[in-house]
Amino acid sequence: RSKAEMIIDNLLYQYGIIHAYERKLPIEEDVYSDFYIPAWNGRPQWVYIEYWWLENDNKYLERKKRKIEIYNENELALIELNEWDIQNLDDVLPRKLLNFKIKVY
């Protein structure tokens, strides 16, 4: 939907990481992640990625806060990215992925 999400998607593809775009969270509510990385290669944990792009809109910030609460309440692994991260994504994303035992080669 956005240029930044396309960049994230392309980089995950280049890294050879199996992923899905706009995946419903495994909860009762209808909440979708920006990206989903399934458990694989001996790693038992699903990982979700959210790209937060609008930092000066109160309605958006309330939605962001609620979404983060949902991730925390359901103990779902979350990688958060913002506009600054996109500008340095090839440095930032591998380090954030490594926190969840996802190695980029």
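User: Which handedness does the β-α-β unit made by β3, helix α2 and β4 have?

Analyst: This is a predicted model. In it, strand β3, helix α2 (residues 58-73) and strand β4 form a β-α-β unit. With the strands pointing away from the viewer, a clockwise path from the first strand over the helix to the second counts as right-handed. The unit of β3, α2 and β4 is right-handed.

User: In which sense do β3 and β4 pair, and over how many bridges?

Analyst: Strands of a sheet pair through backbone hydrogen bonds, either parallel or antiparallel. The pairing of β3 and β4 is parallel, over 6 bridges.

User: In what order do the strands of the open sheet lie?

Analyst: The open sheet has 4 strands, and its pairing is mixed. β1 (20-21) and β4 are at the edges with a single partner strand each, so one side of each has no neighbour in the sheet. The order is β1-β2-β3-β4.

User: Which residue in β2 does Y21 stand opposite?

Analyst: β1 and β2 pair in the antiparallel sense, over 2 bridges. Y21 stands opposite a residue of β2, and that residue is F35.

User: Is E50 buried or exposed?

Analyst: E50 sits in strand β3. Leaving out residues up to four places away in sequence, E50 touches Y32, S33, D34, K67, Y71, L78, I79, E80 and L81. Its relative accessible area is 1%, and the limit for buried is under 20%. E50 is therefore buried.

User: Which side chain does the side chain of E50 join in a polar contact of 3.1 Å?

Analyst: Among the residues that E50 touches are K67 and Y71. The polar contact of 3.1 Å runs between the side chains of E50 and K67. The partner asked for is K67.

User: How many residues does the largest nonpolar core have?

Analyst: The residues with the most contacts inside this core are I8, L12, I37, I49, L81, L93 and L97. Two or more core residues come from each of α1 (3-14), β2 (35-37), β3 (47-52), β4 (77-82) and α4 (89-98). Apart from this core lies another, of 9 residues, including L25, V31, Y36 and L76. The largest nonpolar core has 21 residues.

User: Which residues is L81 in contact with, leaving aside its neighbours within four places in sequence?

Analyst: L81 is one of the residues with the most contacts inside the largest nonpolar core. With neighbours within four places in sequence left aside, the contacts of L81 are I8, I49, E50, Y51, W52, L89, V92, L93 and K96.

User: Which residues are linked in a network of salt bridges?

Analyst: The whole structure holds 6 salt bridges. One of them joins the side chains of R66 and E73 at 3.3 Å, N to O. R66 is partly exposed at 32% relative accessibility, and E73 is exposed at 53%. The network links E29, R66, E69 and E73.

User: How far apart are the closest N and O atoms in the salt bridge of K24 with D30?

Analyst: K24 has a relative accessible area of 29% and is partly exposed. D30 is exposed, at 62%. The closest N and O atoms of K24 and D30 are 4.0 Å apart.

User: Where is I27 found, and how far is its C-alpha from that of Y71?

Analyst: I27 is found in the loop between β1 and β2. It is buried, with a relative accessible area of 14%, and apart from neighbours within four places in sequence it contacts I70 and N74. I27 and Y71 are 44 residues apart in sequence, and their C-alpha atoms are separated by 9.8 Å.

User: Is R95 buried or exposed?

Analyst: R95 is part of helix α4. Its side chain reaches the backbone oxygen of D91 at 3.1 Å. The relative accessibility of R95 is 55%, and exposed begins over 50%. R95 therefore counts as exposed.

Terms used. Residues are numbered from 1 along each chain as its sequence is written. This is a predicted model: local features need pLDDT of at least 70, side-chain atom pairs count only at pLDDT 80 or more; totals for chains, interfaces and linings use all residues. Side-chain values use heavy atoms; hydrogens and water are left out. A nonpolar core is a set of buried Ala, Val, Leu, Ile, Met, Phe, Trp, Tyr and Cys residues joined through side-chain atoms within 4.5 Å. Buried means under 20% relative accessible area, exposed over 50%, partly exposed in between (1.4 Å probe, protein chains only). Contact means heavy atoms within 4.5 Å. A polar contact is a pair of N or O atoms within 3.5 Å; within protein, one must be able to donate a hydrogen and the other to accept it, and residues adjacent in sequence count only if both atoms are side-chain atoms. Two strands pair if DSSP finds at least two bridges between them.
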